[in-house]
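Here are my notes on this model, as numbered points. Please read them with the structure open.

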Amino acid sequence: QPSASLDSADSIAEGTTPLSPRIEEQALLSIMQRLPGQRVTIISQGRGQSAQILARERPQATVQLWYIDGFAAHLSRQALGTLSNLSILCQADWPEGECDLAGVCLKKNGETELARDCIQSAYHALPIGGSLVAAVDHAKDRWLHDLLKGYEKSVKVRPFEDAMVYV
């Protein structure tokens with residue numbers, strides 16, 4: 001039961017023009033909002049508005065937004081501002097520890113090896129009962145679906161107009 005809209009997420013930092021989340025991140029958020037989890041880690045291809053919204057909706061949760069690219073992390077910090085339960089990380093490896101809910105946003109023309117590594121890291125960070133949600137900005141995706149079936153045979157498919165989300 002989502003309580004924050006994507007529009008409210010973009011009233012981010014005072015004096016800035018709102019920036020809409022990328023299409024795969026919007027789709028990812030709509031699914032993640034329905035799933036339980038107090039230890040959340042998200043990989044974004046944009047500014048990470050989904051992490052900000054989940055941090056606001058779940059004030060008792062620990063939300064991590066993970067980037068490999070320092071410039072992307074910098075832009076996210078500028079756009080999202082500060083929330084006490086949201087950490088924006090820039091590091092080579094998946095954050096330490098388990099997460100109950102992992103969200104991975106991917107670009108259809110992104111690096112396939114990096115995507116595989118991110119999915120594998122997310123999957124291994126989940127405890128029993130945890131959820132991995134992966135989204136790609138390609139409504140006719142098959143590659144990510146096939147990759148995820150290597151980890152979980154019963155992957156749920158959630159199609160969107162311009163994106164595909166898997167749980």
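1. Start with Asp 141. It sits in the loop between strand E5 (131-136) and helix H6 (143-149). Helices (H or I, at least four residues) and strands (E, at least two) are DSSP runs, numbered from the N terminus. Asp 141 counts as buried because its relative accessibility is 8%. The classes are buried under 20% relative accessible area, exposed over 50%, and partly exposed in between (1.4 Å probe, protein chains only).

2. The model is predicted: local features need pLDDT of at least 70, side-chain atom pairs count only at pLDDT 80 or more, and totals for chains, interfaces and linings use all residues. Residues are numbered from 1 along each chain as its sequence is written, and side-chain values use heavy atoms, with hydrogens and water left out.

3. What does Asp 141 touch, leaving aside its neighbours within four places in sequence? Val 136, Met 164 and Tyr 166 are in contact with Asp 141, where contact means heavy atoms within 4.5 Å. A polar atom of the Asp 141 side chain also lies 3.2 Å from the backbone nitrogen of Leu 144. Pro 159 is 18 residues from Asp 141 in sequence, and the C-alpha to C-alpha separation is 9.5 Å.

4. Confidence next. The average pLDDT of the protein is 90, and 89% of the residues score at least 70. (pLDDT is the predictor's confidence in each residue, from 0 to 100.) Over residues 1-15 the pLDDT is below 50, yet this stretch has 29 contacts in the model beyond near neighbours in sequence. Where pLDDT is low, the predicted coordinates should not be read in detail.

5. The sheet is open, with 7 strands in the order E3-E2-E1-E4-E5-E7-E6 and mixed pairing. Strands E3 (86-90) and E6 (157-159) are the edges, each pairing on one side only. Two strands pair if DSSP finds at least two bridges between them. From one strand to the next, the twist averages 15°. Axes here are lines fitted to C-alpha atoms, for helices over the stretch in contact; angles run from 0 to 180 degrees between N-to-C directions.

6. Strands E1 (residues 39-43) and E2 (residues 62-67) run parallel, joined by 5 bridges. Ile 42 stands opposite Leu 65 in E2. Helix H4 (residues 70-80) packs on the sheet and touches E2 and E3; its direction makes about 160° with that of E3.

7. Helix H2 (residues 23-32) is mostly covered, with 8 of its 10 residues buried. Among them are Glu 24, Leu 28 and Ile 31.

8. The model has 7 salt bridges, counted as a side-chain nitrogen of Lys or Arg within 4 Å of a carboxyl oxygen of Asp or Glu. Arg 22 and Glu 24 form one of them, at 2.7 Å, N to O. Arg 22 is partly exposed because its relative accessibility is 26%. Glu 24 counts as buried because its value is 0%.

9. Arg 39 deserves a look. Its side chain meets Glu 98 in a salt bridge of 3.7 Å, N to O. That pair links distant parts of the chain, 59 residues apart: Glu 98 is in the loop between E3 and strand E4 (101-106), Arg 39 in strand E1. Arg 39 also meets Asp 100 in a salt bridge, at 2.5 Å, N to O. Asp 100, in the loop between E3 and E4, is 61 residues from Arg 39. Asp 100 counts as buried because its relative accessibility is 17%.

Terms used. Polar contact = N/O pair within 3.5 Å; in protein donor to acceptor, adjacent residues only side chain to side chain.
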